[in-house]
Amino acid sequence: MAFEDYEPVIGLEVHCELKTATKLFCGCPTTFGNEANTQVCPVCLGLPGTLPVMNGKAVEFAVKIGHSLNCSIADYSKMDRKNYYYPDLPKAYQVSQYDKPLNYGGHLDIVTKEGTKRIGVTRAHLEEDAGKLVHAGGKSGRLDSSDYSLADYNRGGIPLVEIVSEPDIRSSEEAHAYLTALKSILLYIDVSDCNMEEGSLRCDANVSIRKKGTEKFGTRTEIKNMNSFKFVKQAIEYEIKRQAAVLDKGERVIQESRLWDVTENKTKSMRSKEEAHDYRYFPEPDLVPIILDKAYVQKLKAELPELPGAKRTRFEKDYGLTAYDAGVLTAEQELAQWFEVGAKVTKNPKGFANWMMGDMAAQMKEQEKELKDLKFDQKKLAELVDLVDAETINSKQAKEVFLELFNEGASPAEVVKTKGMAQVSDPKAIEAAVDKVLAENPNVVVDYKGGKQGVIGFLVGKVMQASQGKANPKMVNEIIKKKLDS
Amino acid sequence: MELYQKTIHEIAADLKAKKVSSVELTKATMAHLKAVEPKVQSFITVTEEAALAQAAEADKRLASGNDVTPLTGVPLGIKDLLCTKGVQTTCASKMLEGFKPPYNATVVERLNAAGAIMVGKTNMDEFAMGSSTESSYYQKTKNPWNLSCVPGGSSGGSASCVSADQAFASLGSDTGGSIRQPAALCGIVGLKPTYGRVSRYGLIAFASSLDQIGPMTKDVEDCALMMNAIAGHDPKDSTSADVAVPDYTTEMKKSIKGLKIGIPKEFFPEGMNPEVTEATKKAIEQLKSLGAEVHEISLPHSPYSLAAYYVLAPSEASSNLARYDGVRYGLRVPGENIVEMYSKTRAAGFGPEVKRRIMLGTYALSSGYYDAYYLKALKVRRLIKQDYDQAFAKVDIIVTPTVPNPAFKFGEKTDNPLTMYLEDIFTISINIAGLPALSLPCGISKTDLPIGLQMIGKPFDEATLLKAAYAYEQSTDWHKRKPTLKES
């Protein structure tokens, strides 16, 4: 059986830490990066006798996530205890949601090379985070080589929303697109920092393969420990190949959890650490059910900003952008907003978009500048676009002007004027320059007339040189052709 | 009569009238406490120094006349599963030996705010699981009425210290009868409030949907005074009810003429101890003579209460006690790896009854059994509650015996756990239904052991319960009888 005969079936579980000021059940702050065990209290430490109190803001953020993923919002849901022993879990149970999640039955549309695809979202439920363990004393920082472990409960009790996709994803590219779209949405609605390095966004992947054309699901493995979208993509690709190889040998895929190993670029079995997990779920008796009235749920929906998908579609329609360009500009809300201000003051939104995605993006990356650091506003960039469209300057000159705009915040019109850069588009002047160049390069003329059409570029270049780059290159090209063909 | 033999309302009058200071009172009470403690063993921890410091503060309040409550300057006992800041809180278990909580339970904060004095932490069945206080890791508490008999449980120490005048009152907790049964066995008043009436914040949990904290006192008026201090909504407890707290002494002294009393036929089974039956019937007649109307009612699902309870409570306990794993506080027995540390710690830290219930509960919640046991028990719970709702459409309170027998001897029921579980047969359905109920003395057996009468009320209607109890109490003198601390 060839690799191409298998179809991957992928589902993604994303844990998103909510950026509420305080934890899910107590008043401890949720700030990242402080000294261990300085953001803890009897409640989040699970000291004997303590009780949880629900953070209303966390419920609000969770409902907003549900709305933004087109979910049904449960008017009655509850918290449940998920019981298991691990030192990062102070109560030896995690308060989560089992059979009545807050949000269910939604979807997320992704855009790949193949087009748009709808990925189902099974559920998005609220739960508390566990603490963090540091395995010390060994070489690799991993449990198996350590002498002892240290527990930091700062993270314990931070609200999480677990977003579970349907197994609708069929490739690593789709998985990457799903994660990118999801992150974009979460940032737009401002419920999370979505920082994978800090752990405010985490992803596990469930991967299985089956013969193309069959319906039955193959055995799936769960891949963990992928700290970036790039690693998710790599890990999925590796796992698909690994499972295909297993099946090709006539063996069976073992249902297990596997870790992504960044040094060896492989997934590795966690089997030795696996226990049969019976979480003995039961309704959390220390909390009351979550009953949301329709007005509240509606109000939260109305408070949502325009989401990336809708904005992208609107940009395509209103500004004539391609799906790809609209996608790039709407990936981040600030960028989209910046563009839209510009699109309203320029006569050429598409041109404006191209400058943003091209030279502007390049300079921002190289100089490590963000939108808020820019020395110019949209009006000035629009000025540049207009100058190019009016053919006052050519594209090479425009790049020069852009650098002045970016580095000094200079007005493009001013720069052109001061530097006398206005493009020469006077046919008589250009003809004169062309005649001179043709006279100085008779061999090239002979080559051209002999069939080497490509040398026209050389001649254009010579004319541009002679004019200090100011000649209108289009016109130069036309006039040279006319003269040579005649 | 000695100072420490008085009731709270009597001593409060003395304190207010400056006939005695809190320091004098506390010293006298403490001296008596220590004198009888070798016989009774009510306390795991005695906080003499702290008590005297609290008494000095109370005296300042009493002197100024500002902010004085009936509890100001009055020595009380606190069951050792209520968190007391900086003071050892053990739940009578080896697992929490030496554990000093960094915070106070809400009820303790409220008593402190009222100016009450804490004399010590009282003994109990380990983690509140039991009906005799015999399962305590630390010591056996004796019944002041007969030192070879149990005081009941799990709030055995809270009951005995009040009965033996080592404190004016105490706080206990009740999950299946743990306030009412020891109150009955020790001849005192014990009230389990409506679920949600008193904050559980700081109560070390046994069964979250059943636990409640309540007062154990020498008489009904004291019980009302304690309720005034501790009842009420607590934002730290999501299950505490936002229902206004009346002054429980207001209704208490009113007539019970026309009060409708229900007697459930299921609570007088075959083979009941005849002395208990007799005392209960006499008490009902007494209530009739005070103007109450007696109606027979039925609680048809009550025979299933014990079974439902012994699924629900251990299930919740198996989860609540999972946190005792040796990682952060309490006992730790080291191991080669984490699983070994967990197993060794829990094997060493818990006694047999606690282990038994954790295993029962784990099983009842496990995959493949959840529906048949836990879910089924939740459904039976609703049926039991419905029985009470229907009964309370017709009557104002329900009266039953508290326990089938007076106090039993040490070791009498420890061989077979089920015989111990049957102690709770009359008290247990009340916790399942979340109702308020109290026990007060209604007789003395031929062998000089107290017999208790249980009164059950409508949700948040502790006032009517206290009224009926007060009327009965004041028309008898059971509450004036004191134990002699004799050996069998």
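**View 1. Three domains in chain A.** Domain bounds come from an automatic or database domain assignment. Keep in mind as you look around that this is a predicted model. For chain A, the assignment gives domain 1 (3–299), domain 2 (306–418) and domain 3 (427–485). Find domain 2 and domain 3 of chain A: their centres, taken over C-alpha atoms, are separated by 33 Å.

**View 2. Where chain B meets chain A.** Here, 26 residues of chain A are in contact with 33 residues of chain B. On the chain B side, helix H10 (305–320), helix H11 (338–349) and helix H12 (352–365) each contribute at least two residues. Which helix gives the largest share of this side of chain B? That is H10(B), with three residues.

**View 3. Two helices of chain A packed together.** Helix H8 (residues 349–366) and helix H9 (residues 378–389) of chain A pack at an angle of about 115°, and their axes are 10 Å apart. The crossing of H8(A) with H9(A) is right-handed. To trace the contact, look for A:Gly351, A:Phe352 and A:Trp355 on H8(A), and for A:Leu381, A:Ala382, A:Leu384, A:Val385 and A:Asp389 on H9(A). Of the residues in this contact, six are nonpolar, one is polar and one is charged.

**View 4. An open sheet of three strands in chain A.** Strands of a sheet pair through backbone hydrogen bonds, either parallel or antiparallel. In this sheet the order is S5-S4-S15 (chain A), and the pairing is antiparallel. Strand S5 (93–96) and strand S15 (282–283) of chain A are the edge strands, each pairing on one side only. Between strand S4 (residues 80–83) of chain A and S5(A) there are four bridges. As a landmark, A:Asp80 stands opposite A:Ser96 in S5(A).

**View 5. A hairpin in chain A and a further partner strand.** Strand S6 (residues 103–112) and strand S7 (residues 115–128) of chain A run antiparallel and are joined by nine bridges. How many residues lie between S6(A) and S7(A) in their hairpin? There are two. A:Thr112 has A:Gly115 in S7(A) as its bridge partner. S7(A) also pairs with strand S10 (residues 159–165) of chain A, in the antiparallel sense, over seven bridges.

Definitions and conventions
Residues are numbered from 1 along each chain as its sequence is written. Chains are lettered from A and ligands numbered from 1 in the order in which they are written. This is a predicted model: local features need pLDDT of at least 70, side-chain atom pairs count only at pLDDT 80 or more; totals for chains, interfaces and linings use all residues. Two residues are in contact if their C-beta atoms, placed from the backbone, lie within 7 Å. Axes are lines fitted to C-alpha atoms, for helices over the stretch in contact, and angles run from 0 to 180 degrees between N-to-C directions. A crossing is left-handed if the near helix is turned anticlockwise from the far one by less than a right angle, and right-handed if clockwise. Ala, Val, Leu, Ile, Met, Phe, Trp, Tyr, Cys and Pro count as nonpolar, Asp, Glu, Lys and Arg as charged, and the others, Gly among them, as polar. Two strands pair if DSSP finds at least two bridges between them.
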